[in-house]
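Here are some notes on the charged side chains in this model. Please read them next to the structure.

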Amino acid sequence: MSDIADRVKKIVVEHLGVEEDKVTENASFIDDLGADSLDTVELVMAFEEEFGIEIPDDAAETIQTFGDAVKFIQNAA
Amino acid sequence: MFDLSGKCALVTGASGGIGAEIARALHARGAVVGLSGTREAPLRELADELGERAHVLPCDLSDAEAVEALPKAAIEAMGALDILVNNAGITRDTLFMRLKDEDWQAVIDVNLTAAMRLCRGAVRGMIKARWGRIINITSVVGTTGNPGQANYCAAKAGLVGLSKSLAQEVAARGITVNCIAPGFIATAMTDKLTDDQKAGILGAVPMGAMGTPVDIAAAVVYLASSEAGYVTGATLHVNGGMAMV
């Protein structure tokens, strides 16, 4: 697993308080990991900070799963 | 009780009678205060009076860019923004039949839109900190209406709706959003009323007296405190009984 994926996973695990093995490629933050909509906003804020990038609101809306987040950050960083 | 040591509070309209008293009260409880307003001189005077833990942050709330920049400036000056008090407000009173678009827009811009922008700028850090207090100063007339103040009443009622919605969104993050609705409060503005006008007003107030800025400031201290952590989406009416809602 890439370094970016590890760092994203760490943020998700810490923020949502879920088991690491639940955070799979297709795991949806809301449907599978118990996030509410404000959690997803917070996750995006945390990604922005961790990776020093800006994630615009329309892009943030497309980040639904762990895999989406990793892909977006790989392309942005 | 009501200790605010270590908390950083931004107060808009701190050059006015009520805003200055709010800043004094928060400061007296130990908070660092950011004093915002359009006129810098009275803010400086207040900062000098308060001494340490007071920062002057001038801002024209009708200027959208300046409003966007204010929370950042506040965090830079104070180190954090834990308590936001949207107190600033303007009036452009006129009978509805004569209400011009610009009188409507100016009041909505400053009293409602600027408050929204400041909430938006402040809430991010509060979410991270898992603690925050937003206190919007509305008015009794936002609930009751008032002839000649359709624009002002609409803005104040709008602020109540905004506060309740935001309160629900951020409640689980340790952030409360409340309103304080003053009734008739003795300020420079009410000094201009004639004795007859004052008598007319006081006839509608069961307590038979105008409130003072201290009455409002005390309510702010309460809602800003950790002790008020279970109170959110509420409007605290401070009006001597003139409207019991």
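Is Glu48(A) buried or exposed? With a relative accessibility of 14%, Glu48(A) counts as buried, where buried means under 20% relative accessible area, exposed over 50%, and partly exposed in between (1.4 Å probe, protein chains only).

1. Basis. This is a predicted model: local features need pLDDT of at least 70, side-chain atom pairs count only at pLDDT 80 or more, and totals for chains, interfaces and linings use all residues. Residues are numbered from 1 along each chain as its sequence is written, chains are lettered from A and ligands numbered from 1 in the order in which they are written, and side-chain values use heavy atoms, leaving out hydrogens and water.

2. Salt bridge between chains. Glu48(A) forms a salt bridge with Arg124(B), at 3.0 Å, N to O. The pair crosses between chains, from helix 2 of chain A to helix 4 (residues 101–129) of chain B. Arg124(B) is partly exposed, at 39% relative accessibility. The term salt bridge means a side-chain nitrogen of Lys or Arg within 4 Å of a carboxyl oxygen of Asp or Glu. Helices are DSSP runs (H or I, at least four residues), numbered from the N terminus.

3. Salt bridges within a chain. Over all chains, the search finds 15 salt bridges. One of them joins Asp3(A) and Arg7(A) at 3.3 Å, N to O. Both residues lie in helix 1 of chain A, 4 residues apart, about one turn of the helix. Arg7(A) is partly exposed at 29%. In chain B, Glu49(B) and Arg24(B) meet at 2.6 Å, N to O. This pair links distant parts of the chain, helix 2 (residues 40–50) and helix 1 (residues 17–28), 25 residues apart. Glu49(B) is partly exposed at 47%, and Arg24(B) is partly exposed at 28%.

4. Network. Salt bridges link Asp36(A), Asp39(A), Glu42(A), Arg130(B) and Arg173(B) in a network.

5. Negative patch. Asp6(A), Glu19(A), Glu20(A) and Asp21(A) form a negative surface patch. Such patches take residues with over 30% relative accessible area and no salt bridge, with like charges joined within 9 Å. Glu19(A) sits in the loop between helix 1 (3–16) and helix 2 (37–51) of chain A. Glu19(A) counts as exposed, at 54% relative accessibility.

6. Asn151(B) lies in helix 6 (residues 150–170) of chain B. Asn151(B) is buried, with a relative accessible area of 1%. Beyond its neighbours within four places in sequence, its contacts (heavy atoms within 4.5 Å) include Arg92(B), Asp103(B) and Trp104(B).

Notes:
Patch = residues over 30% accessible without salt bridge, like charges linked within 9 Å, V, L, I, M, F, W, Y side chains within 5 Å. Areas by Shrake-Rupley, 256 points an atom, 1.4 Å probe, with all protein chains shown as cover. Lys, Arg positive; Asp, Glu negative; His and termini not counted. Charge placed at Lys NZ, Arg CZ, Asp CG, Glu CD. Helix = DSSP H or I, 4+ residues; strand = E, 2+ residues; numbered from the N terminus.
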